[in-house]
Structures are given as C-alpha cells and as structure tokens.
Amino acid sequence: MIPSSAIDRRHVGARLSETAVFNGVVYLAGQIPENSPGADITTQTQEVLGHIDRLLAEVGSSKQSILQCQIYLSDVSEIGAMNTVWDAWVVPGHTPPRATVQALLANPAYRIEVVVVAAVEQ
C-alpha cells in the first residue's frame with residue numbers, strides 16, 4: 001500500500017481532487033469551463049487551458065511537460081475552432097500525445113473537458 005503522504009492532492013473536494021502528484025507525475029481532473037458555461041467553444045477552450053496552466057504551475061509543471069492529453073468535445077464538429085485555440089497555446093516542439101473524442105458531458109452547457117497528465121519539472 002502506498003502511504004497517503006506519498007501522494008500530494010490539491011484542491012480536494014468531497015467528490016474529487018483537482019490534482020494528484022505521485023512519483024514526479026501530476027494528474028489533473030477533467031478541466032471544465034466553470035466560468036463560461038454556454039459560451040462558444042473558443043471561449044470555453046481558452047478558459048479550460050488557463051485552468052490547466054494554473055494547476056500545472058502550482059505543482060512545478062507546465063504545458064511543455066504534458067505527457068498525455070484527452071479532450072472531450074460535446075460536438076466534434078467544433079474541433080477546428082478548438083484546434084485554433086489549442087495550436088496557439090501549445091509550445092512548438094512540445095506538443096503532447098493527444099486524443100480528441102465526442103462525448104456527452106456532465107453539463108449540457110459545457111462544450112469541452114480536458115484531462116492532462118504531466119511530468120513535474122522541479
């Protein structure tokens with residue numbers, strides 16, 4: 001059994017933690033557009049990527065160290081607009097392995113949810 005002190009959980013709630021760090025790897029919960037539900041895919045994607053930047057920075061990581069990314073879109077026809085925001089956000093030469101799928105999201109006002117696993121840089 002892994003000692004609970006070996007896992008650094010942050011923003012712990014009753015249902016989930018926003019991040020968990022173990023053995024130099026940070027796992028993020030699915031990031032959603034909490035402040036812009038109902039907005040267009042561009043606005044929601046910008047917000048979600050901002051959440052990812054903030055959470056990774058809190059644990060000494062960044063988008064350059066993303067090991068894997070899973071993107072869930074409520075409507076895959078919006079992938080072009082989402083990719084425009086994504087392409088402006090990722091660091092050239094550090095684009096992570098990524099999967100993008102259409103999915104029924106927990107709130108119908110959400111157009112995107114993103115799950116990230118990244119290496120801690122410190």
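**View A. Asn 23 in its loop.** Asn 23 sits in the loop between strand S2 (17-22) and S3; strands here are DSSP runs of E with at least two residues, helices are runs of H or I with at least four, and both are numbered from the N terminus. This is a predicted model, where local features need pLDDT of at least 70, side-chain atom pairs count only at pLDDT 80 or more, and totals for chains, interfaces and linings use all residues. Residues are numbered from 1 along each chain as its sequence is written, and side-chain values use heavy atoms, with hydrogens and water left out. Asn 23 isn't a glycine, yet its phi is positive, about 50 degrees. Most residues other than glycine have a negative phi. Asn 23 is also exposed, at 68% relative accessible area (exposed is over 50%, buried under 20%, partly exposed in between, with a 1.4 Å probe and protein chains only).

**View B. His 11 in strand S1.** His 11 belongs to strand S1 (residues 8-12). Its phi is positive too, near 55 degrees, and His 11 isn't a glycine either. With 42% relative accessibility, His 11 is partly exposed.

**View D. Around Ile 112.** Beyond its neighbours within four places in sequence, Ile 112 is in contact with residues including Ile 41, Val 48, Ile 71 and Leu 105 (contact means heavy atoms within 4.5 Å).
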